[in-house]
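Trainee: I would like to go through how two parts of one chain meet. Please hold each term against its definition.

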Amino acid sequence: MNTKDRILQAALALYNQEGIRSVTTRHIATAMGISPGNLHYHFKHTEDIIQALFGQLTASYDQIVQDIAQHSIQTIEELHQYIDSSFHLIETYRFIFINFVELASWIPSIREAYQQLISKREKEFSHLFNNLAHNGVFRTDISSTLQNRLVRQLFLISDFWISANELTDQLRGEEALAVYREDVLSIFVPYLN
């Protein structure tokens, strides 16, 4: 693994453990056993590290969505697999989701990338919902307006579930996954056959 990737790996672990306000580039360099100058050679500012981690998150999420598109979901059990993959990604990048609004305000490129991502996901999820209807999992009478509302609800739950969990239940591991899965699935109940 090259130094840049090691920096991102160390930063991700520290941000998840300590939070974005507690971790500086010096902390990351110290944790890695490298000089701050070496870290700054690869990333000039903390924002650059966070942007790179956000880029990793979106690339990983793109891969999940691409996998769904290639392997059309036909059952609720297959939908569980997607939800579980989504949860594990959220857990991996938990500091982003816990501090999402603050990061988007602090780093405008994250806000812009998120807005573009929402637009892209609306199309992808609309296609997914049409496939679920075609395969008899979803009702076929769901309007495009209602599909867009469903996508919005999914984003609200997916992107902010972990923040709500941190403030309330503070669940971890399999228990957190089970509750997340049920919360996401509950959105689909009115649309199932």
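Trainee: How many residue pairs are in polar contact between domain 1 and domain 2?

Mentor: Five residue pairs, both residues at pLDDT 80 or more, are in polar contact between domain 1 and domain 2. A polar contact is a pair of N or O atoms within 3.5 Å; within protein, one must be able to donate a hydrogen and the other to accept it, and residues adjacent in sequence count only if both atoms are side-chain atoms. This is a predicted model, where local features need pLDDT of at least 70 and side-chain atom pairs count only at pLDDT 80 or more, while totals for chains, interfaces and linings use all residues. Side-chain values use heavy atoms, without hydrogens and water, and residues are numbered from 1 along each chain as its sequence is written.

Trainee: Why is the pair Arg 21 and Glu 102 called a salt bridge?

Mentor: The term requires a side-chain nitrogen of Lys or Arg within 4 Å of a carboxyl oxygen of Asp or Glu. The closest N and O atoms of Arg 21 and Glu 102 are 2.5 Å apart, so the pair meets the definition. Between domain 1 and domain 2 the count is one salt bridge.

Trainee: What makes residues of domain 1 and domain 2 count as in contact?

Mentor: Contact means heavy atoms within 4.5 Å. By that rule, 13 residues of domain 1 are in contact with 15 residues of domain 2.

Trainee: Which domain bounds are used?

Mentor: Domain 1 is 1–44 and domain 2 is 47–191, with bounds from an automatic or database domain assignment. Their centres, taken over C-alpha atoms, are 27 Å apart.
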